[in-house]
Every structure is written in structure tokens, then in C-alpha cells.
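Please read them with the sequence and the model open beside you.

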Amino acid sequence: MTDADYHDEGYDDWLDAVEDGDGFYLECENGHGSLPPRRVCPDCGATDLAEAPLPDAGEVATFTEIAVAPPSFEDETPYVTAVVDFGPVRLTGQVRDADGAELVGDDVAVGMTVAPAVGETQTTGERVLVFEPR
Ligand SMILES: [Zn+2]
């Protein structure tokens with residue numbers, strides 16, 4: 001999945017669900033996870049996708065400290081983008097503490113438990129998926 005996939009109506013609705021504590025993912029008949037607005041499983045091409053509840057927390061699989069960001073994120077550097085493993089689905093987002101402050105690479109570790117939440121970018125106020133350490 002590329003970043004371009006994230007910014008459309010289906011994804012906005014999905015952020016609403018995460019914000020309300022009703023996060024979910026799409027699961028195909030073979031147990032592959034993906035996110036809206038997908039209608040086809042990216043792993044096997046199945047078109048019968050059902051909503052399944054997103055676990056309350058996941059584990060950091062990989063993370064990167066971003067020092068030089070694209071213009072829409074330029075006020076936020078440095079920040080950490082993490083790929084978080086929720087079991088059938090992996091999500092990508094910024095890691096922040098519960099006050100919304102960005103964490104730096106020294107604060108984040110592979111295997112760390114984080115919870116999904118919704119924040120805003122400081123630069124544009126656009127809503128984004130964030131992860132808060134548990
Ligand atoms: Zn599949």
C-alpha cells in the first residue's frame with residue numbers, strides 16, 4: 001500500500017471509526033488483512049472482504065525517524081513513522097505520546113506495544129493515524 005491509497009473518503013471514514021474506538025480492518029476469506037478503501041485483497045485478489053475488529057494494541061515491527069519530511073509534514077521533524085503489526089494487518093503512522101507530542105527514535109523500540117489513535121499534522125491539520133505507547 002502506498003501513501004496515495006490513504007487519502008480518500010473510505011480512509012476518512014476509517015479514521016472516524018478508529019477515533020471512536022471502533023477501529024476495524026478488512027479480512028478476506030484467506031485471513032489476509034487490509035484497510036479501506038480497498039475492495040480487493042492485496043494478497044490474493046479475493047473480492048469478498050468482511051470487516052473485523054482491529055485489536056486495541058499492536059507491536060512496532062519497524063520504525064524510521066524522519067528528519068527531512070515532505071512539505072505537508074515539515075513542521076513536525078524529527079518524528080517517527082512506525083509500521084505496527086496488529087496480527088492480520090499492519091498499519092503505518094506517526095508515534096506520539098498521549099499528549100500528542102511526537103516521539104523521537106530513541107523513545108521507540110521494535111516490539112513496543114502501541115495503541116492506534118487519530119491525530120492531526122501540525123503543518124496542515126490533516127487527520128492522520130498515530131500510535132500511542134501503552
Ligand atoms: Zn487474501
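1. How many of the eight residues of strand β7 (residues 113-120) are buried? Six of them are, so that strand β7 is mostly covered, where buried means under 20% relative accessible area, exposed over 50%, and partly exposed in between (1.4 Å probe, protein chains only). Strands here are DSSP runs (E, at least two residues) and helices likewise (H or I, at least four), numbered from the N terminus.

2. Before going further, please keep in mind that this is a predicted model, in which local features need pLDDT of at least 70, side-chain atom pairs count only at pLDDT 80 or more, and totals for chains, interfaces and linings use all residues. Residues are numbered from 1 along each chain as its sequence is written, and side-chain values use heavy atoms, with hydrogens and water left out.

3. Strand β7 pairs in the antiparallel sense with strand β8 (residues 127-133) over seven bridges, two strands being paired if DSSP finds at least two bridges between them. Within this pairing, Ala 117 stands opposite Val 130 in β8. The two strands form a hairpin with six residues between them, and Gly 125 in the turn has a positive phi of about 75°.

4. Strand β7 also pairs with strand β4 (residues 58-66), again in the antiparallel sense, over two bridges; here Gly 58 stands opposite Val 114 in β7.

5. Looking at the whole protein chain, one finds one helix and eight strands, and of its 134 residues 40% count as buried. Along its principal axes the C-alpha trace spans about 40 × 30 × 25 Å.
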